[in-house]
Amino acid sequence: SMELAQNPYGNYAIQVALETFSTEECRPLLGSFKGKYAQLSMLKFSSNAVEKCIEKADLQLRNEIITEIISSDKFLSTLRPSLIVLMKNSYGNYVIQKVLSIAEGEMKVSVGVAIQDSICHLTDKKLKAKWAQILNKSS
C-alpha cells in the first residue's frame, strides 16, 4: 500500500477505497501506513491519501495518526521528518493544516502547542507569519 499511496493513480484508489468502505473495513489499510504517515505527508500524491486517512479514521486511530505526525523525531527514528520539516514542506504543510482543522478536544490543544513550539524554529519570516495566522484562525 506504500507504493500505491505514492503513485499518481494509486493514491486515488486508496482515497476511493477510504470513501467507499467503512472505517472498520479500512482499518488494515490505515494501519499499513503506521510509522510512515509523516514521511508520506511530504510527497505530492501520498499527502492526499494521508489527508483522507485522517478524515476516515475513527477518533482513537485519528489521534494515533495525528500524534505520529506532530511528534518530534528527537525520540523516534531520525528517518521520520519533524513537524518543522512538515510545516515547511509544500505538501506536508497541507497535511498539518488538515490535522489542525480536524483534531478535537485535548488533541487539538496538543496540535496547537506543537505548532506554536515549532514556529519559533522557522527561519523564514513569511512562513512564521503564515503559521501564526493559521494557528490564530483555528482557535
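Author: Here is a short tour, from the whole chain down to single residues.

Author: First, this is a predicted model: local features need pLDDT of at least 70, side-chain atom pairs count only at pLDDT 80 or more, and totals for chains, interfaces and linings use all residues. Residues are numbered from 1 along each chain as its sequence is written, and side-chain values use heavy atoms, with hydrogens and water left out.

Reader: Fine. How many helices and strands are there in the chain?

Author: The chain has 10 helices and 0 strands. Helices are DSSP runs of H or I with at least four residues, strands are E runs of at least two, and numbering starts at the N terminus.

Reader: What radius of gyration does the chain have?

Author: It is 14 Å. A compact globule of 139 residues would have a value near 14 Å, so the two agree. The radius is taken over C-alpha atoms, and the globule rule is 2.2 Å times the number of residues to the power 0.38. Along the principal axes, the C-alpha atoms fill a box of roughly 40 × 30 × 30 Å.

Reader: And how much of the chain counts as buried?

Author: 42% of the 139 residues. Buried means under 20% relative accessible area, exposed over 50%, partly exposed in between, with a 1.4 Å probe and protein chains only.

Reader: Let's zoom in. Which residues of H9 are buried?

Author: Met-107, Val-111, Gly-112, Ala-114, Ile-115, Ser-118 and Ile-119. Down the axis of H9, the buried residues fall within an arc of 165 degrees, so they line one face of the helix. That arc is taken from the directions from the helix axis to the C-beta atoms.

Reader: Why would spacing like that work in a helix?

Author: An α-helix has 3.6 residues a turn, so residues three or four places apart point the same way.

Reader: What sits on the face of H9 turned away from its buried side?

Author: The exposed residues Gly-105, Glu-106 and Val-109.

Reader: And what covers the buried residues of H9?

Author: The cover includes helices H6 (59-70), H7 (83-88), H8 (92-102) and H10 (125-138). Contact here means heavy atoms within 4.5 Å.

Reader: Switching to cysteines. How many disulfides?

Author: The count is 0. The rule asks for a pair of cysteine sulfur atoms within 2.5 Å.

Reader: Are Cys-26 and Cys-120 buried or exposed?

Author: Cys-26 is buried, at 3% relative accessibility. Cys-120 is exposed, with a relative accessible area of 54%.

Reader: Back to helices. Which ones cover the buried residues of H5?

Author: Among them are H1 (2-6), H2 (10-20), H3 (23-32), H4 (37-41), H6 and H8. The buried residues of H5 include Ser-46, Ser-47, Lys-52 and Cys-53.

Reader: What does Ser-47 touch?

Author: Leu-40, Ser-41, Tyr-91 and Val-95, leaving aside neighbours within four places in sequence. Ser-47 is buried, with a relative accessible area of 2%. Ser-47 and Val-95 are 48 residues apart in sequence and 6.7 Å apart in space, C-alpha to C-alpha.

Reader: Last one. Where is Ser-1?

Author: Ser-1 lies in the segment before H1. Ser-1 is partly exposed, at 43%. Ser-1 touches Ile-14, Leu-29, Ser-32 and Phe-33, not counting residues up to four places away in sequence.
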